[in-house]
Each structure stands twice: as C-alpha cells, then as structure tokens.
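Here are my notes on the model you sent. They are set out as numbered points, to be read beside the structure.

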Amino acid sequence: MKRAAEGDEKAFSELVSAYNERLIKIARVFVGGEAEDIAQEVWLKIYRYREKLSEVENLDKWLYLVVRRRCLDELRKKHAGRSISYEENVTYIERFFKGGDILEGVMDRLDSAAVRERLEALEEVFKIPMLLYYYQDIPLQEVARILGVSYATAKRRLYTGRQKLKKSLGGCFNE
C-alpha cells in the first residue's frame, strides 16, 4: 500500500487485483448490476488521490466506506422511490431466512415495497452485514473483515438484524 501511495504503478495494479472482486461484491449489495461501473469509478478516484493511501490504517474498512459512499450517492440520484418486484421480494426473504419456513400464503399478504422499506429502515449496523452475508453470499469472516469488526461482532449483528427484520414483518416467519 505504501508503494502504491508513492506512485508505484505495479503496486497499485496489485492492489486493484487483490481487492477489485471484493469492491464489486460490496457495490452489488447496493446497486446490483451497476457494481462493476461503481468499482471502476472508485478505483479511478483512489488512483487520483493515491498519495493518501499511506494514511489508511484499515484498508478493508476504508475501501468498504469509499464504495458504500459512492453507491449511496448513486442510489440517491437514480433509485429514489424505486420498489422491488414480487420475485425480488421472495428472493430477499428466502435468503434472509435460510432454513426458516415461510408460512403458507404469507407472500400473498406481504407487499414487496413494505418488505424493502422495513429492510431499508433497519439500522445500517444490522442491514449491511445482512446484505453482504445473505444477498452477496460473502462468508461471515469476510464480512467481519470488510466492516472492521470481530467475527463475533459480525455474527451478533447478523443475528440481531435478522431478529429485527422478522419482528418488523410481524412475526410472519417460523424460527
């Protein structure tokens, strides 16, 4: 990282190779199909200000924050008021509640926009680990590293987020 900050092109290229897929996965949580474009924009911005890389203490956490900020900017511009389809809603619910049976007919009673709204209403500290783990299938150890927290903390946030989402949905799911 120090060599990249000093202008070493090869070191910067190695940094991109090592972290690009991770950035794309994180961006995909927020923006879906636009993730590769977002990651490319982030790398361009990092390259432009590469001398600041030497100030970064936790690269994983810093990259996560940079990608997250860029994605949120993009969402504010493009997806204000967007609702998800019934099919997307089913996919979200099945991923979030792996192993939990969905009660008979509950999907007919749940409004997709309401489920998305409740997910989005979760505190970010719980929402992001859930999106990374369930939606992007990123292993929990990697989620912990991205967020800059311990494995136990990531696991607790995932569990708490799941419980809060279930509660906000009115207990529609079996434990």
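Predicted model: local features only at pLDDT ≥ 70, side-chain atom pairs only at ≥ 80, totals over all residues.

1. The largest nonpolar core has 45 residues. Those that touch the most other members are Leu 23, Phe 30, Val 31, Trp 43 and Leu 132. At least two residues each come from helix H1 (2-5), helix H2 (9-31), H3, H4, helix H8 (124-135), helix H9 (140-147) and helix H10 (151-168). H2 gives the most, with 11 residues. As general background, nonpolar side chains tend to be buried together in soluble globular proteins.

2. Trp 43 deserves a separate look. Its relative accessibility is 7%, so Trp 43 counts as buried. Apart from neighbours within four places in sequence, Trp 43 is in contact with Phe 12, Leu 15, Val 16, Tyr 19, Asn 20, Leu 23 and Leu 63.

3. On the aromatic side, the count is 2 pairs. In one of them, the rings of Phe 12 and Trp 43 have centres 6.0 Å apart and planes at 90°, so this pair is edge-to-face. Phe 12 belongs to helix H2 and Trp 43 to helix H3, so the pair ties together parts that are 31 residues apart in sequence. Phe 12 has a relative accessibility of 8% and therefore counts as buried.

4. Phe 12 also forms an edge-to-face pair with Tyr 47, at 5.1 Å centre to centre and with 70° between the planes. Tyr 47 lies in helix H3 and Phe 12 in helix H2, so parts 35 residues apart in sequence are tied together by this pair. Tyr 47 is partly exposed, with a relative accessible area of 29%. Phe 12, Trp 43 and Tyr 47 make up one aromatic cluster.

5. What is the volume of the second largest pocket? The value is about 250 Å³. The pocket has 13 lining residues, and Lys 45, Ile 46, Trp 62, Val 66 and Arg 69 lie nearest its centre. Helix H3 (35-48) and helix H4 (59-78) are the elements that give two or more residues to this lining. H4 gives the most, with 5 residues.

6. Which residue classes make up the lining of the second largest pocket? The lining holds 7 nonpolar and 6 charged residues, and no polar ones.

Conventions: Residues numbered from 1 in each chain as written. Heavy atoms only, no water. 1 Å grid on protein atoms, 1.4 Å probe; cavity = no way out; pocket = protein on both sides within 12 Å on 5 of 7 lines; lining within 4 Å. Points joined across faces, edges and corners; volume = space filled by probe spheres on them. Helix = DSSP H or I, 4+ residues; strand = E, 2+ residues; numbered from the N terminus. Nonpolar A, V, L, I, M, F, W, Y, C, P; charged D, E, K, R; others polar. Core = buried A, V, L, I, M, F, W, Y, C linked by side-chain atoms within 4.5 Å. Buried < 20%, exposed > 50% of the residue type's maximum accessible area, 1.4 Å probe, protein only. Contact = heavy atoms within 4.5 Å. Phe/Tyr/Trp six-rings, centres within 6.5 Å; stacked < 30°, edge-to-face > 60°.
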